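Have your viewer open as you read.

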Amino acid sequence: MERAKTRKVRVGDIFIGGDSPISVQSMTNTDTRDIPSTVSQILKLEEAGCDIVRCAVPDEEAGEALRKIILQIHVPLVADIHFDSALALLSIRNGVSKLRINPGNIGKKEKVRAVAEAAKDRGIPIRIGVNSGSLQKDILAKYGRVCPEAMVESAMRHVEMLEEFDFHDIVLSVKSSDVREMIECYRLISGKVDYPLHIGVTESGTIRKGTIRSSVGIGALLAEGIGDTIRVSLTGDPVEEVRVGRDILASLGDIRGEAEMISCPTCGRTRLDLIRIAGEVEKRLQSVHKPIKVAVMGCAVNGPGEAARADIGIAGGNGEGLIFRKGQILRKVKEEDLVEELMKEIEKM
């Protein structure tokens, strides 16, 4: 499905929305005041393919650390602010590429105006982020419960505060830990605004469960053409968030220039250690940046045919296997040489 038309917002040296590629975001879990640890983690996120990184700014020391952090990294940095307009202004002065702050939570209109004007002067967008645990009391009382309509109304209230000061470099998120609710929230708000949408399932869980929940929620929306930037929220190493996010995009064809692997689930016909081989191939492909599909199949009889649409692949036999390209067999090799010979063929492509 064609992607929803949204306005383009600049974040550092990349764009969100419009015809820009869907970007992958993550957030550091280091103490931002610990500059070496924070920089080290951001560099690892960059290496994994993260496009935008967010840091918590709980106090002035963390806000001051941003300046030194930015000098040592290569991706746009987002300051995550709660309630304190002074920290937002400090982060802007120290060179962040984006703010994550809800204007309705920072007090009087004068404070909202100050943040909006400072951000506008520097060309810094603001992400408004509403989730199921952050609804205003009057909205919650109006609906009597957390629901998509309440969350969207809350987000629109924040939007109107910025629009009042002629600020329109806005990105929106309306996340929920309930996957169905999250999907419906984004469907509703996508029909109301043309601001780019940051999508994700909040508090999605540990790496295994969170990957599943995020893949279902984010994948469903992207398949409908909704979403301009994503974050997979996992309880674990944020590098895993980036890997999962990129895998979600790759599975929908929204990342170009990346190797994609498919593999069969194994069955009684399998006569080699396919699980080990598939794991090794997947690991080796992390450093391959070519738009190719690689197949790892367990059966030499059906494998090449079932994976005929793959660019290159291997299919197992009894202690040996076949290397094939576009369903055509190239040669037979010993099981212990399969991965290495496959990688040689990939290098030639």
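The report below takes the pockets first, then the cores, then the strands.

This is a predicted model, in which local features need pLDDT of at least 70, side-chain atom pairs count only at pLDDT 80 or more, and totals for chains, interfaces and linings use all residues. Residues are numbered from 1 along each chain as its sequence is written, and side-chain values use heavy atoms, with hydrogens and water left out.

**Pockets**

A pocket here is an open set of points on a 1 Å grid over the protein atoms alone, where a 1.4 Å probe fits, with protein on both sides within 12 Å along at least five of seven lines; lining residues have an atom within 4 Å of a point. Volume is the space filled by probe spheres set on the points, which are joined across faces, edges and corners.

| Pocket | Volume | Lining |
|---|---|---|
| Largest | about 830 Å³ | 21 residues |

Nearest the centre of the largest pocket lie Arg243, Asp247, Glu258, Glu282 and Gln286. Helix H9 (238-251) is among the elements that give two or more residues to this lining, together with helix H1 (35-48), strand S11 (260-263) and helix H10 (274-285). H9 gives the most, with eight residues. By class, the lining has eight nonpolar, four polar and nine charged residues.

Strands S7 (126-131) and S8 (170-175) each give two or more residues to its lining, and S7 gives the most, with four. Its classes are three nonpolar, nine polar and seven charged.

**Cores**

A nonpolar core is a set of buried (under 20% relative accessible area, 1.4 Å probe, protein chains only) Ala, Val, Leu, Ile, Met, Phe, Trp, Tyr and Cys residues joined through side-chain atoms within 4.5 Å. The largest has 76 residues, and Leu99, Leu172, Tyr186 and Ile189 touch the most other members. Helix H6 (residues 148-163) gives the most to this core, with seven residues. Apart from it lies another core of 20 residues, including Leu272, Leu274, Ile277 and Ile312.

**Paired strands**

Strands pair if DSSP finds at least two bridges between them. S13 (residues 312-316) and S14 (residues 320-325) run antiparallel, joined by four bridges; Ala315 has Leu322 as its bridge partner in S14. Their hairpin has three residues between the strands, and Gly319 in the turn has a positive phi of about 75°. S14 also runs antiparallel to S15 (residues 328-334), through six bridges.

Conventions:
Ala, Val, Leu, Ile, Met, Phe, Trp, Tyr, Cys and Pro count as nonpolar, Asp, Glu, Lys and Arg as charged, and the others, Gly among them, as polar. Buried means under 20% relative accessible area, exposed over 50%, partly exposed in between (1.4 Å probe, protein chains only).
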